[in-house]
Amino acid sequence: MAEQRHTWPPLLELTLVRFREFIRQPEALFWVFAFPLILAIALGFAFRDRAPERIPVGVIEGVTEDLLVALEQSPALTPRIYPESAGREALRTGKISLLIDRDEAIVFVFDPTRPESRTARLETDDALQRAAGRKDLVPVENRESREPGSRYIDFLIPGLLGMNLMGTGMWGVGFSVATSRMQKLLKRLAATPMRKSDYFLSHMLSRLLFLFLEVVVIVAFGWIVFDVAVRGSILLLTVVSLIGAFTFCGLGLLTASRAQTIEGVSGLMNLVMVPMWILSGVFFSSERFPDTMQPFIKALPLTALNDALRAVMIEGSGLMAVAAEIGILALWCVLSFVVALRIFRWN
């Protein structure tokens, strides 16, 4: 009598299959572990602590020598002399932030929508007024702040972690489902007694096997290389990361529920993720956008995840402080999973 092979529950079998699929794809391992570290290195060193660079400003040739001397004495400005046409071209192409001309009065030519141009205008006016003998009526004192937690890299590491959880959750799940559908594997699974919920949960549970390493690698790298510490609870950070990962797995399942091709699921993924890359505060604060957009931005899952990660890592916040963000993530997770379960098709 032939020996009967032991079988695992369908959910466990499917989860192990998802795990094996992932580790057999070197490109997936690169995007999950290596890419966020490369971004952290590049941006961390690009925005490392250093003296601010001088702002290049253009001066139309023929201005008085005393004006040029006043600008050269400013610690914030680098004046460059141009013929008028060349100066306007340099301003248009962004080589300088401000162009200075002399008519009956000194003329500042700049684009007020560019922050560096507004800064150049203020620094230039200050340098010229001081050279002309202006005295400050109110004494002021400048104190630099370079404490850990206030640097750009402290802001960046949680954003990269959130972006990575979104990307690996959605791309990993979406591409896997679309590929299985194209290879007719889903039609074979439909003939088994396996439930759709088991298939969905297998994708989400397989993410658990890599979630720990994914979070540890990014957080440990930030701590070792850039001294980015976790000021809050490690347990709470893990819980937030776990809910975030499940949320984006759910969104990945939702976008891939009906997609027939890799091109189709790629388009849907970009449609979902690109607005969050821009709006959700990965590389710069979402507060820069107008107040009218803030309710929409705050409702995005990546915004909630990034805000919660930064609250725990930078501010040392507790559970109650991030309860609203966790609630938003949980709502997205449940809704996306339920809707995906209803609209999913095996073929």
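1. Helix H9 covers residues 234-256, a run of 23 residues. In this predicted model, the distance from the first C-alpha of H9 to the last is 33 Å, close to the 33 Å expected at 1.5 Å a residue. At the start of H9, the backbone nitrogen of Leu-235 has a side-chain oxygen of Ser-233 within 3.2 Å.

2. The strands deserve attention next. An open sheet is formed by 4 strands, and their order is E2-E1-E3-E4. The pairing in this sheet is mixed. Strand E2 (77-82) and strand E4 (106-109) are the edge strands, as each pairs on one side only. From one strand to the next, the twist averages 30°.

3. One pairing within the sheet may be followed in detail. Strands pair in a sheet through backbone hydrogen bonds, and the arrangement is either parallel or antiparallel. Strand E3 (residues 98-102) and E4 run antiparallel, joined by 4 bridges. Which residue in E4 is the bridge partner of Ile-100? The partner is Phe-108.

4. A further point concerns Thr-303, which lies in helix H12 (residues 301-313). Is Thr-303 buried or exposed? Thr-303 counts as buried because its relative accessibility is 0%, and the cut-off for buried is under 20%.

5. The surroundings of Thr-303 can also be described. Its side chain is joined to that of Ser-280 by a polar contact of 2.8 Å.

Conventions
Residues numbered from 1 in each chain as written. Predicted model: local features only at pLDDT ≥ 70, side-chain atom pairs only at ≥ 80, totals over all residues. Heavy atoms only, no water. Pairing = 2+ DSSP bridges. Helix = DSSP H or I, 4+ residues; strand = E, 2+ residues; numbered from the N terminus. Axes fitted to C-alpha atoms, helices over the stretch in contact; angles between N-to-C directions. Expected span 1.5 Å × (residues − 1). Polar contact = N/O pair within 3.5 Å; in protein donor to acceptor, adjacent residues only side chain to side chain. Buried < 20%, exposed > 50% of the residue type's maximum accessible area, 1.4 Å probe, protein only.
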